[in-house]
Amino acid sequence: MRTRLAGALLSALALTLALTGCGGPADPASTAVTTTAGADGPDATDRVEPLASPGTPRLPVTVRSSDGRRTTVEKADRIVPLSGGLSEIVFTLGLGDRVVARDITATFAQARKLPLVTRNHDVSAEGVLSLRPDLVLAETTTGPDEAVRQIRDAGVPVLVVAPARGLADVGPRIRTVADALGVPAAGKRLAQRSQDRIAAVRKAVPPHADHPRVAFLYLRGSASVYLIGGRGSGATSLLEAAGAVDAGAASGLDKDFTPITTEALVRAAPDAILVMSKGLESVGGTDGLVKIPGVAQTPAGMERRVVSVEDGVLLNYGPRTDQVLRSLVRQLYGDAR
């Protein structure tokens, strides 16, 4: 998988991620409101919460990949998920002890010590095959294609899952993975738990709050990559659930991501800017962000109103999306009710 995060990311962002890395100092003097998604500090925010009783996988099963292939899963004792979002689902289903490797975007605590099988978001077929997997979980953006083909040619089942694009994908993605692992009942329970938690956070959005315009910026300062999200960036449904307006989409940006220009930012006129935490660090914190042409001229830049969420969870649209949404609501409205 070449995406970030949330992701849940789409192909334009994936290409950028494949070419760039994170870097640059954090800005300790920054006035940005920054946090990772979660409830009770770094240990809580960086962990997934597995189901208490996932059940034993009932295999074999035959499922259909999003690429149209039918995939038969005989065993699921050694699983390699090739994205952070898919890893999160497997671990939260309670089957993390069967995962034998991770993608670079799987950054949560339970997966951190697993061997990496991606480099700059490209899959190493040799690395995957050396771990003798029973099943590989991939996304349509996983690449390069030759690596995926090599894994399949070696006789390893590869299930390709459609990428997450919004809140509506949370349940279907969970159930798709659970069905392939032979635990459909657990998948239904986890999907329902996730949807219930998201609904609870949505109810807590301040009822009389203004609807702030929020621009989602994708930043990689080390490679001079500065993009603004438009329709299809993956952030729209999340922002709307938080009671906000996706400023990029509302200003008429039809592409997933567009290079930032002063004109585009002025047209978007965001009241707040949403960024991934490492992206913010890569430009030198809020002090560096407002130096990007056009940012200082927006209401968000003038007020230095920045919302930051961890790269590895922002657009996953999975079992921790309620935490992401809660973080957005808290940062946008504070204690307002």
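Analyst: Start with a crossing: H6 passes H7 in a right-handed way. Keep in mind that this is a predicted model. H6 covers residues 170–180, and H7 covers residues 184–203. Their axes lie 8 Å apart, at an angle of about 160°. Angles over 145 degrees count as roughly antiparallel, so H6 is roughly antiparallel to H7.

Now the residues that meet. On the H6 side they are Val170, Gly171, Ile174, Arg175, Ala178 and Asp179. On the H7 side they are Pro184, Gly187, Lys188, Leu190, Ala191, Ser194, Gln195 and Ile198. By class, the contact has seven nonpolar, four polar and three charged residues.

The spacing has a simple background. An α-helix has 3.6 residues a turn, so residues three or four places apart point the same way.

Next, burial. In H6 the buried residues are Val170, Gly171, Arg173, Ile174, Val177, Ala178 and Ala180. Val170, Gly171, Ile174 and Ala178 are buried and also take part in the contact with H7. Arg173 is on the buried list too.

Then the end of the helix. Just after H6 comes Gly182, with a positive phi of about 80°.

The side chain of Asn316 makes a polar contact of 3.0 Å with the side chain of Glu88.

Technical notes:
Residues are numbered from 1 along each chain as its sequence is written. This is a predicted model: local features need pLDDT of at least 70, side-chain atom pairs count only at pLDDT 80 or more; totals for chains, interfaces and linings use all residues. Side-chain values use heavy atoms; hydrogens and water are left out. A polar contact is a pair of N or O atoms within 3.5 Å; within protein, one must be able to donate a hydrogen and the other to accept it, and residues adjacent in sequence count only if both atoms are side-chain atoms. Buried means under 20% relative accessible area, exposed over 50%, partly exposed in between (1.4 Å probe, protein chains only). Helices (H or I, at least four residues) and strands (E, at least two) are DSSP runs, numbered from the N terminus. Axes are lines fitted to C-alpha atoms, for helices over the stretch in contact, and angles run from 0 to 180 degrees between N-to-C directions. Angles under 35 degrees count as roughly parallel, over 145 as roughly antiparallel, 65 to 115 as roughly perpendicular and the rest as oblique. A crossing is left-handed if the near helix is turned anticlockwise from the far one by less than a right angle, and right-handed if clockwise. Contact means heavy atoms within 4.5 Å. Ala, Val, Leu, Ile, Met, Phe, Trp, Tyr, Cys and Pro count as nonpolar, Asp, Glu, Lys and Arg as charged, and the others, Gly among them, as polar.
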